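Please look at the structure first.

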Amino acid sequence: MEYISTRGNYKSVNSAEAISLGMVPEGGLFVPEEIPELNLEEILEKKDKSYQELAAWIFNKFLSDFSEDEIADSVEAAYQEKSFPLAEKTPLIKLDQNTYILELWHGPTAAFKDMALQILPQLLVRSVKKLEVKKEIVILVATSGDTGKAALEGFKDVDGVKIIVFYPKTGVSRVQEDQMKTTGGSNTEVVSLEGNFDDCQTAVKNIFADKEFRARMEANNYQFSSANSINWGRLLPQIVYYFKAYFEIIKENEIEPGDKINITVPTGNFGNILAAYYAYRMGLPVNKFICASNDNKVLTDFLNTGIYDIEREFIKTISPSMDILISSNLERFLFEMTDHNSSKINNWYQKLKSENKFEIDQQTKNKIQELFSGHYSAESEAKAVIKSTFNNFNYLLDPHTAVGVDSLIKYRQQSGDQTTAVVASTANPYKFSRAVLESLKEEKLEQDEYRIIEELKDLTTAEVHRGLQGLEEMESRHHHSCDKNSVKEKIAEILKL
């Protein structure tokens, strides 16, 4: 299978090159030239397969330049018991009669990003070998909290790779920051940036597009790549768990094979919900996608109006991984929705750069609204849902998943659609223990975050994720800081260019 640029500005490449490059060097993102379409019978044949078997099946559809053995070995290395100790890698929890929570956070760092970032290093190393790249790969990552630690954990001590993670200094939780700063590995670096996530993401994208700096890197035997969801190798693994969830609901006898479900995803960068859309394009029976946003509701507004406008206040919320205004993967989605019309994509994204907004045409807007419904949850509403869900179901939501549950409730009230729904649960609640405990107690808490974790455990008896234990005693390592205008200089300093 070949991969093409959303902006029509680069040659088609195979999957190994798309993964090793990360994003299109001239700007734009790689997408599959065509999506494999499966009939229902072919899909249902896989309903009793393990997570690893499902992953290998889907990867073989997209990674045609990888052998079956290479894919099988990658999957086995990524989803081994050490990293994912539960037999079910993504447990599906029934909340009420027609609502399921898909827990995606049982990997090493307690976030859904582990599902992709444990296997991306396997795919990247094999891609580099296939292409006979002799340069050392430098992974640049912009994170709003969870991607950073998951990427660091996935790539630490991988031969031939360095990884540099940029995060907003005041835009992540204490636990998220400590997770990143205490990561081991001789090839890991972490940089706190004065600014917000969009500043981090824009800085990294600008570095990728800087031809002069790229030439300087190459002269020093380095090549850039990415572990953000701008990298196809990061997005592809996220398709798998939507098929797994569908099969689990069938096994519960809640739906008949072939019945459609709704999928709700709390999202900021649009990657996780885009993966669900690709599953749908492959043939997964989906009725509606509910795109859930927090107070930074740029995606909600876009889905309702067709206008993507980032000229607005950036709001820091209790769901910081969604505090994003520039949703990178929306570009891939629009490319699909316009039947790969790179001219439209170029026009819209040039306007976004020059005017901070663009408006899509009515035909594309109608096509999107047939499938997608945008909703958002204000901070007070998310807190209320955390409390009511615990009181009613004895189930603890993190603030991001609470946004998803609240948005699903609003969608159902607005539409009357009671189709069985899956809500993607993107983080363990202890990663955001302050927000969760404040929601349950309905009061502001001043104590240290690690004391709050203890109090939350005492109150709820919910188990603390293994990846969050002992952080406060660990040594901070490989940590730097800079402002948004000196990112290039910081990278050059770290790499000793």
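β6, helix α7 (residues 146-155) and β7 form a right-handed β-α-β unit. Right-handed means that, with the strands pointing away from the viewer, the path from the first strand over the helix to the second runs clockwise. Helices (H or I, at least four residues) and strands (E, at least two) are DSSP runs, numbered from the N terminus. The model is predicted: local features need pLDDT of at least 70, side-chain atom pairs count only at pLDDT 80 or more, and totals for chains, interfaces and linings use all residues. Residues are numbered from 1 along each chain as its sequence is written, and side-chain values use heavy atoms, leaving out hydrogens and water.

**The sheet**

- Five strands make an open sheet in the order β9-β6-β7-β8-β16, with parallel pairing. Two strands pair if DSSP finds at least two bridges between them.
- β9 (222-226) and β16 are the edge strands, each pairing on one side only.
- On average, neighbouring strands of this sheet are turned by 25° against each other, direction ignored. Axes are lines fitted to C-alpha atoms, for helices over the stretch in contact, and angles run from 0 to 180 degrees between N-to-C directions.

**Strand β7 and its partners**

- Strand β7 (residues 161-168) is mostly covered, with seven of its eight residues buried. Buried means under 20% relative accessible area, exposed over 50%, and partly exposed in between (1.4 Å probe, protein chains only).
- Strand β6 (residues 136-142) pairs with β7 in the parallel sense over six bridges. Isoleucine 137 has valine 161 in β7 as its bridge partner.
- β7 also pairs with strand β8 (residues 188-194), in the parallel sense and over six bridges. In β8, valine 190 is the bridge partner of valine 165, and leucine 193 is that of proline 168.

**Helices on the sheet**

- α8 lies across β7, β8 and β16 and runs at about 160° to β7. Contact here means heavy atoms within 4.5 Å.
- Helix α22 (residues 487-495) packs on the sheet and touches β6, β7, β8, β9 and β16. The direction of α22 makes about 155° with that of β16.
- Seven of the eight residues of α8 are buried, so α8 is largely enclosed by the rest of the structure.
- The buried residues of α8 are Val175, Gln176, Glu177, Asp178, Gln179, Met180 and Lys181. Their cover includes α7, β7, β8, α21 (449-460) and β16.

**Helix pair α18 and α19**

- The axes of helix α18 (residues 379-393) and helix α19 (residues 399-415) come within 8 Å and cross at roughly 95°.
- α18 and α19 are therefore roughly perpendicular to each other. Angles under 35 degrees count as roughly parallel, over 145 as roughly antiparallel, 65 to 115 as roughly perpendicular and the rest as oblique.
- In α18, Glu381, Ala382, Val385 and Ile386 meet Pro399, Ala402, Val403, Val405, Asp406 and Lys410 of α19.
- By class, this contact has seven nonpolar, no polar and three charged residues. Ala, Val, Leu, Ile, Met, Phe, Trp, Tyr, Cys and Pro count as nonpolar, Asp, Glu, Lys and Arg as charged, and the others, Gly among them, as polar.

**Helix pair α4 and α6**

- Helix α4 (residues 68-78) and helix α6 (residues 120-130) pack at about 145°, their axes 9 Å apart.
- Glu70, Asp73, Ser74 and Ala77 of α4 meet Gln122, Leu123, Arg126 and Lys130 of α6.
- This contact has two nonpolar, two polar and four charged residues.
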